[in-house]
Amino acid sequence: MVQRPSTSVYDTATGQVIPTTGYTSLEAMQIYPPSHWDFQTALFKDFKIHERLSVQLRLETYNTFNNPEFDSVDAGAKFSPFSGGDLVPTLNGPVMVNGTTTQENATFGQINGSAGPRILQLAGRVQF
């Protein structure tokens, strides 16, 4: 069941969720990005030109299969203050319950970056 965290751990003045004993810890609410998978290849070919002279051609690739490597997930949930609810007295002062609220962070849960595209490198080497 998905629901908003309890109002006893919610600061109505700032809109921040503050975990307390008896509620899910921040470690359990982490958002993990997809796993990192990278495949690199290299091809080399030596050509003998003369007895003491040779040429080597190289082709190297990074992220060979162009697998997307996303990172930078926006995990900053922020809610607007409660409105339209009932005030209930607590030890820390009155708390509003049964009110309405909205998520204020428009990019919450979105992926904001990637690790990079496929890279090809072609090189030549002369040995003498």
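**Reading a predicted chain of strands**

Me: Which residues does Thr 64 touch, not counting residues up to four places away in sequence?
Reply: Thr 64 touches Phe 39, Gln 40, Thr 41 and Arg 118. Each is a contact, meaning that heavy atoms lie within 4.5 Å. Before we go on, this is a predicted model: local features need pLDDT of at least 70, side-chain atom pairs count only at pLDDT 80 or more, and totals for chains, interfaces and linings use all residues. Residues are numbered from 1 along each chain as its sequence is written, and side-chain values use heavy atoms, with hydrogens and water left out.

Me: Why is Thr 64 called buried?
Reply: Its relative accessible area is 17%. Buried means under 20%, exposed means over 50%, and partly exposed is in between (1.4 Å probe, protein chains only). Thr 64 is therefore buried. Thr 64 sits in the loop between S4 and S5. From C-alpha to C-alpha, Thr 64 is 9.1 Å from Pro 117, although the two are 53 residues apart in sequence.

Me: What about Asn 63: buried or exposed?
Reply: Asn 63 has 5% relative accessibility, so Asn 63 counts as buried. Asn 63 is also in the loop between S4 and S5. Its phi is near 60°, a positive value in a residue other than glycine.

Me: How much of the whole protein chain counts as buried?
Reply: Of its 128 residues, 14% count as buried. The protein chain exposes about 9800 Å², with carbon and sulfur atoms supplying 58% of that area. The area comes from the Shrake-Rupley method.

Me: How many helices and strands does the protein chain have?
Reply: There are zero helices and nine strands. These are DSSP runs, numbered from the N terminus (helices are H or I with at least four residues, strands are E with at least two).

Me: What makes S3, S4 and S9 a sheet, and in which order do they stand?
Reply: Their order is S3-S4-S9 in an open sheet of three strands, with antiparallel pairing. Strand S3 (41-50) and strand S9 (119-127) each have a single partner strand, so they stand at the edges and one side of each is left without a neighbour in the sheet. From one strand to the next, the twist averages 10°.

Me: What does Phe 44 touch, not counting residues up to four places away in sequence?
Reply: Phe 44 touches Gln 56, Leu 57, Arg 58 and Glu 60. Phe 44 lies in strand S3 and, with a relative accessible area of 44%, is partly exposed. Its C-alpha atom is 9.6 Å from that of Gly 124, 80 residues apart along the chain.

Me: Why are the rings of Phe 39 and Phe 65 called tilted?
Reply: Their centres are 5.0 Å apart and their planes stand at 35°. Rings of Phe, Tyr and Trp (its six-membered ring) pair if their centres lie within 6.5 Å, and planes under 30 degrees apart count as stacked, over 60 as edge-to-face and the rest as tilted. The Phe 39 and Phe 65 rings therefore form a tilted pair. A search of the whole structure finds one aromatic pair. Phe 39 is in the loop between strand S2 (16-17) and S3, while Phe 65 is in the loop between S4 and strand S5 (70-73), 26 residues apart.

Me: What makes Lys 45 lie over the face of Phe 47?
Reply: A charge sits over a ring if NZ of Lys or CZ of Arg is within 6 Å of the ring centre and within 35 degrees of the ring normal. Lys 45 is at 5.7 Å from the ring centre of Phe 47 and lies over its face.

How values were computed:
Accessible areas come from the Shrake-Rupley method with a 1.4 Å probe; for residues, only the protein chains shown count as cover. Two strands pair if DSSP finds at least two bridges between them. Axes are lines fitted to C-alpha atoms, for helices over the stretch in contact, and angles run from 0 to 180 degrees between N-to-C directions.
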